[in-house]
Amino acid sequence: MSLVAPELAERVVARALARGGDLGELYAEDRRGFGVTLDDGRVEDPRSGAERGASVRVVRGEASYFGHVDGIDEASLMQVADSVAQAVRGDECRPAALGAARVAEGHPVAERPEGVEAARKAQLLRECDERARAAGAEVTQVSVGYREERRLVEVFNSEGVAAADDRTRIRLSAQVVTRRDGAIGPRVETGTDTRGGHAGFELLASDPGAVAESAARKALTLLDAVDAPSGRLPVVVGNGFGGVLLHEAVGHGLEADAVHKRASVYAGRLGQQLADPSVTAYDDGRRTGEWGSDGIDDEGTPTRRTTVIENGCLTSYLYDLVRARADGVESTGNGRRQSFRHLPVPRMTNTYFAPGEATPEELIAGVQRGLYAVSFGGGQVEPATGDFVFGVSEGYLIEGGKVTAPVRGATLVGNGLEALRAVDGIAGDLSIATGYCGKAGQTVPAGVGQPHVRLAELTVGGTA
Amino acid sequence: MSSDLEALARSGVEAALSAGAGEAEAWCEDTTGRKIRVYGGAVESLSDSGGRGIGIRAFLDGRVGYAYGTDLGPEGLRSIASTAASVAAVADPDEHAGLPEAFGATAVEGLESAAMAGFSTERKVELALAVERAARSRPGVSQVENAVYSDSEGAAAIANSRGFSASYAATSAWVYASAFAGEGQDLMTGLGVGLARDPGALDPEAIGVEAAERAVALAGARRPASRRCPVVLDTFVAASFAGFIGAMLSADSVQRGRSLFAGRQGEEVADSSFVLTDEGCDPDGPASAPFDGEGSPTRRTPLIDGGRLAGFLYDTRTARKDARETTANAGRSYRTAPSVGATNLLVQPGGSTLPELFARAGDGLYVTDVAGLHSGVNPVSGTFSVGASGRLIEGGELGAPVREITIAGDLVGMLRDVVAVGSEGRWVPLAGSVRAAPMLIGEMTMSGS
């Protein structure tokens, strides 16, 4: 695999730096994908895409100059390099010589998804449909989606970086609607679940129907849900997708662009004790086969595990090249972009709390009256303050140390610093779920995860 | 440029027919754009973008396949077209799928501004810097996180196997700024935004001041006590709710049973003061175009009128399913197959100024920001619980700033409880394209401490 010959890359980077700059970079990408969905028992919307393009970036001081084109032929690359160079005001600088792009150590793919017949993917969706419908008579609608993507990425820069990455991701998602007619009208609930990773079709070899069954189980459970309580309550947050709380309320505030603009409540707090000494958290773009993992980031820096919180202390921010240079540190391999059409920005990869010693049952047993938030329908945070809101898509009451009735309509409202301080128990059952994270108009796959975590007190906005 | 693009779309259709499609349609786009982000009085990033691509829909015995790509040479087109035809085989047949019966273009004035070409990069940078200065110079502003100028010039073309082809060109320019007031955990943010067909029609001073004032108004916000009270939604928040309601009025959501409006056509779903229309041919609408993603001419569609649910948004497939005509709401880009969505949503302004709405509210809450609307609303039941910040209303006047509250209710209940719609309508291009106005709601549950 080679998208751009090193000799051409070297000339493009040199051309981009014709009017100066501290860093010149060429990013080339070939991306191909296929997706198909099943809805109302019918396989529909099969779609396939193939794009090839490149972008050129020049960084000079605090400013970035950027341009992108569809196509990676010499004429297109030279044209975009010229256009970017036009915007720069400075003296010409001489880039380092470039070798052939070294392919990063990737993540294992046993069965290439594009090599699997489309009919088998459709069959997978039908199996999921059957499993969800078999879960209960009150299941009224099942929607299942399959998606695969392969991105070949090459990054060359004026400091001699010549790196390549071959990224394959697949994801199966299920959404199930249940309905029960009652005296005060129908009650309709929704449950979702997903399975995905930086991996091949083998990820779906073992019991893919379980994804749909799990979504159905959630939607069926919610039919019996009572209104959520409101007020200040202890909250046990579930493992896997429960980690979206850490991602939103803490992780975004650790991204170095937000820190630099003092748009983060975590700015200036390195070394501070923000949580109980039992709390450790990582951003880990190397974790094998995980949804948010890559071989290199989108600036050619090898991905790595960064300890962001160690024994309750804030230990690191998440850096791309530009912000790392400004702080005199190394990039942590978090310079990510949605595609060749986007500038890299510091982004999380897989962010999660390290497992502790407790069991989920022990965490729950310690709560007299509280909320068990298993998964969230989504969340939003203002990184500048750390204020967050999460809709609880699957939640239960905890009464007398036991999980009792399911609740609906609960939201968690609070602040990242407050939530970190409130952590008073961590279980050992770490798992990581597949999220899509949006920032600065770019969406990238991000792994969110944690073991079960207990927060001593948080504001629950309920419907009761 | 447009005629080249139409020819390209026609070639795409021919390639799909040669690859075995019974019928076919191709959509092409060619756009260029510039984005300038300034920070601290200097350029932080300057981006040039250019893109050209095609998406092809192939119909084979009631099955539909889609493929897109950016390789537009003869070989590339053949590959995209044959992929569209071959992936169709995996789909189940759909009796309602197919090309529309009628095609055409509605005349929409002013989509393209000739003035766009006259603006140099330097003037665009200066515009972004002027927005930042306007925000920064306001007392109480501690920081301007972002001032971003962005524009695009582009053309789109469609062709299909019934012999129809058409194209149009459009320009747009927009600016947003995000300002902070206060520091640390007391920091509050405010957003200012403006949108036009070219940079000359943007008012940098007004956009900067808006960001600053929205942030400063929240400085020192605290969590208030829980209660039920009248609520005034500001224009941005009203636009967020209207956008969500528009999504729920998609016939696709309705037919799949994923909308609270399913089966309620003609029912009373709002107070008569809340009038909602979709208008794809409004000359001022950011999402306006002569035709939709299937080549149906754009039009005006009443959605909520006289307090009743007047209609849904349709594309060809969903319209056939309900035995009616499309409303030309097939949205698309070359990377996505057509799917039902709102174009420009218009909330009809009422007769009350904002101070009059506060006076009528008496004691209540003025909401200037909601968080988590899409995760906090159950689309099927319409119940919601979302995070909010804003100001208390005390004795008919604006009072103390508040944050970390949740407001809860159900959407139809809220719409029926609309007491008055404000007179100051404006475009809010934040989540989709909505022209909204502030709204006074009789009573909502506000949960604080």
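**Domain contact in chain A**

I looked up the contact between the domains and found that 35 residues of domain 1 of chain A are in contact with 24 residues of domain 2 of chain A, contact meaning that the C-beta atoms, placed from the backbone, lie within 7 Å. The elements giving two or more residues to the side of domain 1 of chain A that touches domain 2 of chain A include strand E1 (23-39), strand E2 (42-60) and helix H4 (209-222) of chain A; helices (H or I, at least four residues) and strands (E, at least two) are DSSP runs, numbered from the N terminus.

I note that this is a predicted model, in which local features need pLDDT of at least 70 and side-chain atom pairs count only at pLDDT 80 or more, while totals for chains, interfaces and linings use all residues. Residues are numbered from 1 along each chain as its sequence is written, and chains are lettered from A and ligands numbered from 1 in the order in which they are written.

**Glu443(B)**

I then turned to Glu443(B), which lies in strand E20 (residues 439-447) of chain B. Glu443(B) is partly exposed because 16 other C-beta atoms lie within 10 Å (buried is 20 or more, exposed 12 or fewer, partly exposed in between, with C-beta atoms placed from the backbone). Leaving aside neighbours within four places in sequence, I found Glu443(B) in contact with Arg228(B), Cys229(B), Pro230(B) and Asp417(B).

**Chain B**

I recorded ten helices and 20 strands for chain B, and buried residues make up 59% of its 449 residues.

Notes. Two residues are in contact if their C-beta atoms, placed from the backbone, lie within 7 Å.
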